[in-house]
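Here's a quick briefing to keep beside the viewer while you click around. It goes sheet by sheet and then turns to the ligand.

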Amino acid sequence: MSVTIEYIARMANVSKATVSRVINNKAQGVGKETRARVQRLIDEYGYKPNLLARGVATSRTKTIGLVIPDITNPFFPALIKAIEHCASEREYTVVLCNTDSSPEKEKQSISTLIANRVDGIILATVLEEQRCIPYDFAKYNIPCVLIDRRTKGFDYSAGVFVDNEYAFYIAAELLIKHGNRRIAFIAGPSNLSTTQERLAGYCSALKQYALHYDPALVVQGNFQYESGYAAVMRLHGHGIPFTAVLASNDVMAIGALKALRDIGRAVPGEVEVVGFDNIQFSEMVDPPLTTLDQPLYELGSKAAEAMLALIEGRRLDDTNIRMEAKLVVRASTRP
Ligand code: RIB
């Protein structure tokens, strides 16, 4: 149930005009105690002015909020395009919020979208635990569809994910079958479910092939190009031997390719490199990158279809849609 200004006014035993003055910080002529009582109720019930109510014929705004962590990473624009294409076919508008992977910006984005009465929110979260998500979406009767990453303990309406663990098992297995025994793993942000699942896939392949897990070969990255470059430089600088690099996304793998070139190690002759995502640039770099293709259009369209079904009250056959990434072999690994 969404809380209205009438409800707050009735609970505080004041007029709607008084509540409005308190919200807009124009509370002159409102007693201090009254102002505090109204503000306490606003905070307690999470009331947000309905910015889109005026002139809206129905309770729906025909808008879907989309919260993503990094608009500069080519993975996300492709995902956004798929979501927007599917939504606009049904005459919904997508309102995009980019959070720069900031938990605070994510919370602010969710709050603003709720205040603007979006009909639902599709979220690629950077918040690890449910306790971090300050909004009870059910309280506002707003469905939340998670895409790509999940938050522990968060009771979301539906989710669309790739099987990251299996994908990284396959990627590591390819490198092991090529004879690599010391495979460096460049991790994404450690708080993300995608990073944790990818590392698990890497470890299970090592275990399956009875290879020693050396923590010195696991280097922390942040999904950015520079962190992939820095990871290889760190291994090289510390004299840690490796014959392959498995990066948690293509952008870091491309950074690793540049670093290997700068330290004079031939790819794939001396070091094989595998990424993840299959962004547009992965085939353009030299050598073209072996990677795993995330079915971006399917991911985005499935998330949008799930959201539209939730908004329109249609039953969902599956509230946890899992897809598979497919290996794309190019010249950064040996034939
Ligand atoms: O490249 C960005 C990464 O963040 C992608 O692998 C995507 O799965 C998301 O987790």
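Predicted model: local features only at pLDDT ≥ 70, side-chain atom pairs only at ≥ 80, totals over all residues.

**The six-stranded sheet**

- That pair belongs to an open sheet of six strands, and reading across you get β2-β1-β3-β4-β5-β11, with parallel pairing.
- Which strands stand at the edges? They are β2 (93-98) and β11 (320-323); each has a single partner strand, so one side of each has no neighbour in the sheet.
- Going from one strand to the next, the twist averages 15 degrees.
- As a reminder, strands of a sheet pair through backbone hydrogen bonds, and they can do that either parallel or antiparallel.

**The four-stranded sheet**

- There's also an open sheet of four strands, ordered β7-β6-β8-β9, and the pairing is parallel here too.
- Its edge strands are β7 (218-220) and β9 (272-274), each of which pairs on one side only.
- From one strand to the next, the twist in this sheet averages 20 degrees.
- How many bridges join β8 to β9? Three bridges link β8 (residues 244-247) to β9, and the two strands run parallel.
- A handy landmark for this pair is Ala244, which stands opposite Glu272 in β9.
- Helix α9 (residues 250-262) packs on this sheet, where it touches β6 (183-187), β8 and β9. The direction of α9 makes about 160 degrees with that of β9.

**The ligand and its surroundings**

- Which residues surround the ligand? Walking along the numbering, you'll meet Asn73, Phe75, Phe76, Asp148, Arg149, Thr194, Arg198, Phe223, Asn249, Asp277 and Gln294.
- Asn73 has a side-chain N or O atom 2.8 Å from an oxygen atom of the ligand.
- For Arg198, a side-chain N or O atom is 2.7 Å from an oxygen atom of the ligand.
- With Asn249, the distance from a side-chain N or O atom to an oxygen atom of the ligand is 2.9 Å.
- How much of the ligand does the protein bury? On its own the ligand exposes 270 Å², and the protein buries 100% of that.

Conventions. Residues numbered from 1 in each chain as written. Heavy atoms only, no water. Pairing = 2+ DSSP bridges. Axes fitted to C-alpha atoms, helices over the stretch in contact; angles between N-to-C directions. Contact = heavy atoms within 4.5 Å. Near = heavy atom within 4 Å. Polar contact = N/O pair within 3.5 Å; in protein donor to acceptor, adjacent residues only side chain to side chain. Areas by Shrake-Rupley, 256 points an atom, 1.4 Å probe, with all protein chains shown as cover.
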